[in-house]
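User: I'm new to reading structures and would like a close look at a single part of this one. Could you start with the backbone and then walk me through whatever stands out?

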Amino acid sequence: MRHALTGLVLLYLGLGLGAAAQEFHVDFDFSLALDPATSTISDLDVESDVSVSWDFFTLGCELDFEEIGLTWVHGYGGFDVGVAGLSWDGLFGAVNVAFLYGLVTGRVTFGGADFYLYYVMADPDVDGVFEMGGAFLAVASLPGGAKMESLTMFGADLEGISFSQLGVEKEFEFTVRPQPGLSAALQFTGQLLTFTGLGFGCATLDSETYFSKDAGFEYQLFTFHICTPWALNFDVEVMFTVQTKSVTVTPYFDFQYGCIYIYSEVDIQPPIYITGVNIYGIKIVAEFGPVTVEELISFDEVNHDLVLDPYWERFSVEVRQPACCGGYARFRVDTYFEEGSLNIFDWGRTDFRLEVPVSEAFKVWTEMAIDPTGLQELIFGFRFTW
C-alpha cells in the first residue's frame, strides 16, 4: 500500500512537471468509514484521476484504492482536432495482476455525420486468452430530432462489458465489447441499422434491422411510442422474422401532477384487456426557498425496490446555502421508516450528510447514520479538483 501511494505521488509530480504551461487536471476523491463499535477503519475508498493535455493531445491515468490497496489502473489518452480524433483505453486489474481490456477508437466527422472505428480486446475470464473484434459505427441526425445509426460488426458490438475482482467493490464498465468466443482475425459478424425518434404527430417510431453473418436477415422491429391526451400511453412493438410476426402492446400510465409522482403499472390480460392499475409508490417533492422536502412511500418493496432495504418509507429534508467561492453548502437528512417497528412512528434509521466547499478546488463532507441501536456509520471524505 505504501509503495502504491508513493507511485501515485510520483506520477502526479511527473505529470505536473511535464504539464508546465499546459492544461493539467486532477480529480482526487477520498472517503474513510469508521466502525463505531471498534473505532477501526471499516471502509476505504480512494479514486484519483490525473490528466494532462498538450494542444490536441491528452494523456491520463485513473487509480483506485480500497482497504486491500491498489485495485484498478485505468489509462487513457488520445488526440482530437475537431473533425477527427483517435483515443485509447486500457484497464489493469491490480488484484488479479492482469491486463483486462484495451480499446482504440478512431473518429471522423464529415457531412454532418460522425463515423467511429473501434478495435477492442478483452480478457473477462482472466485466463490469458483475449477475445478481439472491431466495429464501424455511423451516426447521423435527421430532421425533427430523429437519429440514424449504422453499426457494422467485425467481432465486436456495443452491448457493453463489465469487469470485477474478488473482494473489490467497484466495477469497471465499457460500451464496446468483443463478441464472446471470437479471438481470431477480424471477420464480419453482423449489421445493425436503427432509426430513433421518427415523429408521426402524437407518436414516435423507432426501427431496428439486424443481419448476421450466419443467418442473414434475422429480424425487423418497429416500436411505436403513442401518447394520448390522458395519462394512458402505449408502446406497440411489431417484430418480423423470416417465418414469424408478433405484435406486443404495452400500456402504461404517466401519473405526474406538479410535485406529485405516482409509480404505477398496468395489469393486462391477452390480447389487450386492462384489468387494473397497480400503484406501488408515491413521491412528493416540495421546495421552500433553499429547502427541499421529499416524501417517498413504497407499497411493494418485494417487486419494486424504491427505498433502502429493509424500509418502506423515506422522508428527506435538504438545505442548500451559498458558501465559499461560488459553491453551495448542502445539509441533508434522510429518515427511514420500517413497517412493524416498535419505535415511535415506525422509525428505523436516519442518515445525515454535510458537504462544505472550502475553496473552488476543495470540498469536505461527512456522513453519519443512526438507528435504534445507536451509531451505525461514520464517514469522512474530501474531494480535490483542479
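Analyst: Let's start at valine 126, which sits in the loop between strand E7 (113-122) and strand E8 (131-141). Keep in mind that this is a predicted model. The phi angle of valine 126 is near 50 degrees, a positive value in a residue that isn't glycine. That's worth a second look, because most residues other than glycine have a negative phi, and most peptide bonds are trans.

Going from aspartate 309 to proline 310, the peptide bond is cis, with omega near 5 degrees. Proline 310 belongs to the loop between E22 and E23.

Now for the aromatic rings. The structure has 22 aromatic pairs.

The side chain of arginine 330 makes a polar contact of 3.0 Å with the side chain of glutamate 318. If you skip the neighbours within four places in sequence, arginine 330 touches Glu318, Val319, Arg320, Arg353, Leu354 and Glu355.

Next, the largest pocket, with a volume of about 150 Å³. Strand E26 (362-371) and strand E27 (374-385) are the elements that each give two or more residues to its lining. The residues lining this pocket include Cys324, Tyr328, Glu360, Phe362, Lys363, Arg383 and Thr385. By type, the lining splits into six nonpolar, three polar and three charged residues.

Finally, how far can you trust all this? The average pLDDT is 89, and 94% of the residues score at least 70. Residues 1-21 are another story: pLDDT stays under 50 there, and the model has 25 contacts beyond four places in sequence for that stretch.

Conventions:
Residues numbered from 1 in each chain as written. Predicted model: local features only at pLDDT ≥ 70, side-chain atom pairs only at ≥ 80, totals over all residues. Heavy atoms only, no water. pLDDT = per-residue confidence, 0-100. Contact = heavy atoms within 4.5 Å. 1 Å grid on protein atoms, 1.4 Å probe; cavity = no way out; pocket = protein on both sides within 12 Å on 5 of 7 lines; lining within 4 Å. Points joined across faces, edges and corners; volume = space filled by probe spheres on them. Helix = DSSP H or I, 4+ residues; strand = E, 2+ residues; numbered from the N terminus. Nonpolar A, V, L, I, M, F, W, Y, C, P; charged D, E, K, R; others polar. Polar contact = N/O pair within 3.5 Å; in protein donor to acceptor, adjacent residues only side chain to side chain. Phe/Tyr/Trp six-rings, centres within 6.5 Å; stacked < 30°, edge-to-face > 60°.
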